[in-house]
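The following note sets out a reading of the model for a colleague's review. The points are numbered so that each may be checked separately against the coordinates.

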Amino acid sequence: MMAGGFFSISAGVILIYQYPLKFVYVTIGTTVIGMVIGAIFGSLFDYQTLLTGYINGLMMGVMAPMIGAVAQNNLIFLGFIEVLFISSTILISLSAKRT
């Protein structure tokens with residue numbers, strides 16, 4: 001769930017910062033990216049996890065451009081999201097090696 005959700009939020013915030021007047025296209029792109037990434041990482045485990053990652057990527061992909069639009073090009077917020085994404089990915093990769 002973390003991979004699809006955080007990737008969607010990161011991509012949505014970055015894309016809405018880059019293209020602030022293309023809200024519909026950014027939302028569609030971010031939603032598709034989130035669904036694909038969530039499904040890919042979910043398929044590593046089983047069918048239920050695939051569906052969970054898919055739906056989580058879909059929901060976060062729809063919400064991410066809204067979050068980016070509200071943040072109004074705040075670089076501190078973008079840095080916080082990126083650091084949170086990278087640290088979560090590192091922690092998950094470390095825990096996956098032990099299981």
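1. In this predicted model, helix H1 is mostly covered, with twelve of its 17 residues buried. The buried positions are Ala-3, Gly-4, Gly-5, Phe-6, Ser-8, Ile-9, Ser-10, Ala-11, Gly-12, Val-13, Ile-16 and Tyr-17.

2. The length of H1 may be checked against helix geometry. At 1.5 Å a residue, the 17 residues of H1 should span 24 Å, and the end C-alpha atoms of H1 are 24 Å apart, which agrees.

3. The packing of H1 on H3 comes next. Two packed helices are described by the angle between their axes and the distance between the axes. The axes of H1 (residues 2-18) and H3 (residues 47-71) come within 7 Å, crossing at roughly 35°. This crossing of H1 and H3 is right-handed. On the H1 side, the contact is made by Gly-4, Gly-5, Ser-8, Ile-9, Gly-12, Val-13, Ile-16 and Tyr-17. H3 contributes Asn-56, Gly-57, Met-60, Gly-61, Ala-64, Pro-65, Gly-68, Ala-69 and Ala-71. By class, the contact of H1 with H3 holds nine nonpolar and eight polar residues, and no charged ones.

4. Helix H2 (residues 23-42) passes the corresponding length check. Its 20 residues should span 28 Å at 1.5 Å a residue, and its end C-alpha atoms are 28 Å apart, which agrees. The buried residues of H2 are Val-26, Thr-27, Thr-30, Thr-31, Gly-34, Met-35, Ile-37, Gly-38, Ala-39 and Gly-42. These buried residues of H2 pack against H1 and H3. An α-helix has 3.6 residues a turn, so residues three or four places apart point the same way.

5. Is Val-26 buried or exposed? Val-26, in helix H2, has 5% relative accessibility and therefore counts as buried, the cut-off being under 20%. Neighbours within four places in sequence aside, Val-26 is in contact with Gly-12, Leu-15, Ile-16, Tyr-19 and Pro-65. The C-alpha atoms of Val-26 and Phe-7, which are 19 residues apart along the chain, are separated by 14 Å.

6. Thr-27 also lies in H2, and its 16% relative accessibility means that Thr-27 counts as buried. A polar atom of the Thr-27 side chain lies 2.7 Å from the backbone oxygen of Phe-23. Leaving aside neighbours within four places in sequence, Thr-27 is in contact with Gly-61, Val-62 and Pro-65.

7. Thr-30 is likewise placed in H2. With 0% relative accessibility, Thr-30 counts as buried. Which residues does Thr-30 touch, not counting those up to four places away in sequence? They are Ser-8, Ala-11, Gly-12, Leu-15, Gly-61, Ala-64 and Pro-65.

8. Most residues other than glycine have a negative phi. Asn-73, in the loop between H3 and H4, has a positive phi of about 55° although it is not a glycine. At 65% relative accessibility, Gln-72 counts as exposed because the cut-off is over 50%. Asn-73, at 49% relative accessibility, counts as partly exposed.

Notes. Residues are numbered from 1 along each chain as its sequence is written. This is a predicted model: local features need pLDDT of at least 70, side-chain atom pairs count only at pLDDT 80 or more; totals for chains, interfaces and linings use all residues. Side-chain values use heavy atoms; hydrogens and water are left out. Axes are lines fitted to C-alpha atoms, for helices over the stretch in contact, and angles run from 0 to 180 degrees between N-to-C directions. Helices (H or I, at least four residues) and strands (E, at least two) are DSSP runs, numbered from the N terminus. A crossing is left-handed if the near helix is turned anticlockwise from the far one by less than a right angle, and right-handed if clockwise. Contact means heavy atoms within 4.5 Å. Ala, Val, Leu, Ile, Met, Phe, Trp, Tyr, Cys and Pro count as nonpolar, Asp, Glu, Lys and Arg as charged, and the others, Gly among them, as polar. The expected span of a helix is 1.5 Å times one less than its number of residues. Buried means under 20% relative accessible area, exposed over 50%, partly exposed in between (1.4 Å probe, protein chains only). A polar contact is a pair of N or O atoms within 3.5 Å; within protein, one must be able to donate a hydrogen and the other to accept it, and residues adjacent in sequence count only if both atoms are side-chain atoms.
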